[in-house]
Amino acid sequence: RAPTLEARLTAARLGAQALPAAARALAVSLPETLGFRDGALVLNGNVRYGEGVVDGNVEVKGEALVLGLGESRFEGLDFTTEVDLAEVISGRGPLALELANLAAGLDLTALTTSIEFEGADFGLLSLDARLLGGVLRTPGLKLAGGQLQGTRIERIGFDLGRLLSFVDVSGLSGTGTLDATIPVVNDGGGPAVEAGSFAARGPGVLRYTSGVPATNIGLQALENFQYEQLEGELNYANDGAYTIALDLLGRNPELYGGHPIRFRLNLGGEMPALFRSLFITGDFDQAIIERLRAGEPALPESDGTPP
């Protein structure tokens with residue numbers, strides 16, 4: 001007769017190094033422990049043992065879990081995973097999360113997805129969540145053979161003002177709504193982005209003031225830049241190197257009688273350990289900001305035609 005397994009844990013500190021494949025695939029070092037501080041972890045099922053082999057089925061449930069990982073906090077985690085115990089352990093089931101307060105200051109809410117794993121291969125399928133006033137969506141994030149598989153992340157309807165507030169550049173603010181498509185690949189050492197694109201849905205405003213009178217004509221334009229077009233391309237390598245090509249078309253009503261101005265900015269630098277800083281340490285690198293401050297914006301484009 002197969003014995004019945006029933007267990008209920010209400011608090012625990014688990015060894016996060018039990019997830020080495022995921023850590024290697026994301027090119028990060030996990031903290032020593034992953035703890036849950038509230039809620040319950042429930043296991044029940046039938047387990048058989050014979051001739052040195054364990055098999056059977058176990059249902060693993062998380063009920064309103066509150067987790068801590070480094071400086072990140074996850075609240076309201078609910079999942080049910082049906083685990084098949086065999087020579088290769090596999091499992092599948094739905095997962096929902098009310099709030100992920102990430103170390104870098106981002107809040108991810110209303111996340112829904114489905115877990116699927118077999119041995120060391122792991123996937124989150126049909127992931128959907130709310131972030132920065134918009135929707136974050138991907139058909140799946142999968143690890144296979146210890147490597148992150150390519151995928152596409154869509155960011156729909158992001159609030160530009162909230163995004164700039166997160167980046168926290170003194171004197172920089174804006175309004176508008178952005179959409180983005182981020183192709184994620186594995187470049188041999190971890191996740192990377194190839195030819196990601198972003199664009200504003202319509203007109204908006206960008207404002208940047210350094211606190212002192214601007215002597216550069218481009219910075220003067222940015223003191224009240226009412227854009228008609230904002231779009232660009234993003235590339236990011238797993239070693240932290242990034243490039244951003246930004247195209248802005250608009251006007252400052254107080255400058256040159258509101259004559260059209262086009263900015264074409266090419267930014268580049270390094271943002272090391274992006275994934276670790278987002279999820280674990282909160283030390284979000286300010287390399288992009290420093291490049292913006294050091295750059296020389298383009299001069300007004302004069303084609304005689306309003307945008």
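Which residues have the most contacts inside the largest nonpolar core? Before selecting them, please note that this is a predicted model, in which local features need pLDDT of at least 70, side-chain atom pairs count only at pLDDT 80 or more, and totals for chains, interfaces and linings use all residues. Residues are numbered from 1 along each chain as its sequence is written, and side-chain values use heavy atoms, with hydrogens and water left out.

**The nonpolar core**

Select Leu 206, Phe 225, Tyr 227, Leu 230, Leu 248 and Phe 263: these have the most contacts inside the largest nonpolar core, which has 58 residues. Such a core is a set of buried Ala, Val, Leu, Ile, Met, Phe, Trp, Tyr and Cys residues joined through side-chain atoms within 4.5 Å. Buried means under 20% relative accessible area, exposed means over 50%, and partly exposed lies in between (1.4 Å probe, protein chains only). Strand β4 (residues 53-69) gives the largest share of this core, five residues. Strands (E, at least two residues) are DSSP runs numbered from the N terminus.

Next, centre the view on Tyr 227. Leaving aside neighbours within four places in sequence, its contacts (heavy atoms within 4.5 Å) include Leu 160, Thr 175, Pro 203, Leu 206 and Leu 248.

Select residues 90-101 and 107-118. These are strands β6 and β7, which run antiparallel and are joined by 11 bridges; two strands pair if DSSP finds at least two bridges between them. Arg 92 stands opposite Glu 116 in β7. The two strands form a hairpin with five residues between them, and Gly 105 in the turn has a positive phi of about 105°.

The hairpin of β7 and β8 has two residues between the strands, and Gly 119 takes a positive phi near 60°.

Return to β6 and select Leu 99. This residue is partly exposed, with a relative accessible area of 23%. Not counting residues up to four places away in sequence, Leu 99 touches Arg 73, Phe 74, Glu 75, Asp 107, Leu 108 and Thr 109. A distance drawn from Leu 99 to Arg 130 gives 9.5 Å, C-alpha to C-alpha, although they are 31 residues apart in sequence.

**The second largest pocket**

Show Glu 116, Phe 117, Glu 118, Asp 121, Phe 122, Gly 123, Leu 125, Lys 142, Leu 143 and Ala 144, which line the second largest pocket. On a 1 Å grid over the protein atoms alone, a pocket is an open set of points where a 1.4 Å probe fits, with protein on both sides within 12 Å along at least five of seven lines; lining residues have an atom within 4 Å of a point. Its volume is about 160 Å³, counted as the space filled by probe spheres set on the points. The largest share of the lining, four residues, comes from β8.

Finally, select Ala 195 in strand β14 (residues 191-200). Ala 195 has a positive phi of about 55° although it is not a glycine, and it is partly exposed at 42% relative accessible area. Then move to Tyr 256, in the loop between β17 (241-251) and β18 (261-270). Phi of Tyr 256 is also positive, near 55°, and this residue counts as exposed at 56% relative accessibility.
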